[in-house]
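Please look over the sequence and the model before reading on, and keep both in view while you follow the report.

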Amino acid sequence: MGQHSSRPQLYPGDILEFPRNKHFSHFGVYYGERDGVPYVAHLTSRDSDARLLLFGRALKSAVKVEPVDLVGKFYKVNNYLDGTHTPRDFYTLVKPEIDEAVGKAFTYDILFHNCEHQATLYRYGLKKSVQIEKIYGQIYPTWKDLFEKKKL
């Protein structure tokens, strides 16, 4: 849990975090191996004709199951809600949900349905995005002050 290795021990259903920059990471759920290649299920708008995020949204996103190394060379296991929420069974609940979602269109919304929301929804059955909560926590005090002073 929360390992910081670029090649941690993986178990189906683990949340994988792929650091992208100082503020954001990409998230997915470890799906297992096929022919010795590790795969991750993740929500992405990559390869979509709707790559442009308008107001933090991409209308044509999809859950894809792809080789881990295609998504990112560096990652860590980040099952950060294990202490407060029970992980759902991968084989009876999570895998069938992933298999059903592959190929269907989803709307990616940075605030309400991003890749971290999707990963926690699969693992725990609830949507949570700590990285968005952190950013919002930094923005809210500034906006609150402007609203109270009626400058927004």
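Residues are numbered from 1 along each chain as its sequence is written, and side-chain values use heavy atoms, with hydrogens and water left out.

**Fold and confidence**

The protein has four helices and six strands, where helices (H or I, at least four residues) and strands (E, at least two) are DSSP runs numbered from the N terminus. Read from the N terminus, the order of these elements is β-β-β-β-α-β-α-β-α-α. Of the 152 residues, 39% count as buried, a word that here means under 20% relative accessible area, with exposed meaning over 50% and partly exposed in between (1.4 Å probe, protein chains only). Among contacts (heavy atoms within 4.5 Å) between residues at least 6 apart in sequence, 63% join residues at least 24 apart.

The predictor's confidence in each residue, pLDDT, runs from 0 to 100; its mean for the protein is 85, and 77% of the residues reach 70 or more. Confidence is highest in helix α2 (residues 90-101), at a mean of 98, and lowest in α4, at 72. Over residues 1-5 the pLDDT is below 50, although this stretch has 13 contacts in the model beyond near neighbours in sequence. Where pLDDT is low, the predicted coordinates should not be read in detail.

**A strand pair**

Strand β2 (residues 25-34) and β3 pair in the antiparallel sense over five bridges, and two strands are said to pair if DSSP finds at least two bridges between them. One of the links joins Tyr-30 to its bridge partner in β3, Val-40. The two strands form a hairpin with two residues between them, and Asp-35 in the turn has a positive phi of about 50°. Six of the eight residues of β3 (residues 37-44) are buried, so this strand is largely enclosed by the rest of the structure.

On a 1 Å grid over the protein atoms alone, a cavity is a set of points where a 1.4 Å probe fits but cannot get out, whereas a pocket is an open set with protein on both sides within 12 Å along at least five of seven lines; lining residues have an atom within 4 Å of a point. Grid points are joined across faces, edges and corners, and a volume is the space filled by probe spheres set on the points. For the classes, Ala, Val, Leu, Ile, Met, Phe, Trp, Tyr, Cys and Pro count as nonpolar, Asp, Glu, Lys and Arg as charged, and the others, Gly among them, as polar.

| Space | Volume | Lining by class |
|---|---|---|
| Second largest pocket | about 260 Å³ | five nonpolar, six polar, five charged residues |
| Largest cavity | about 30 Å³ | seven nonpolar, three polar, no charged residues |

The second largest pocket is lined by 16 residues, among them Glu-17 and His-23, and α4 gives the most to this lining, with five residues. The lining of the largest cavity includes Phe-27, Ala-41 and Cys-115, and its largest share, four residues, comes from α3.

**Thr-120**

Thr-120 lies in helix α3 and is buried, with a relative accessible area of 0%. Leaving aside neighbours within four places in sequence, the contacts of Thr-120 include Ile-15, Tyr-80 and Leu-81.

Conventions. This is a predicted model: local features need pLDDT of at least 70, side-chain atom pairs count only at pLDDT 80 or more; totals for chains, interfaces and linings use all residues.
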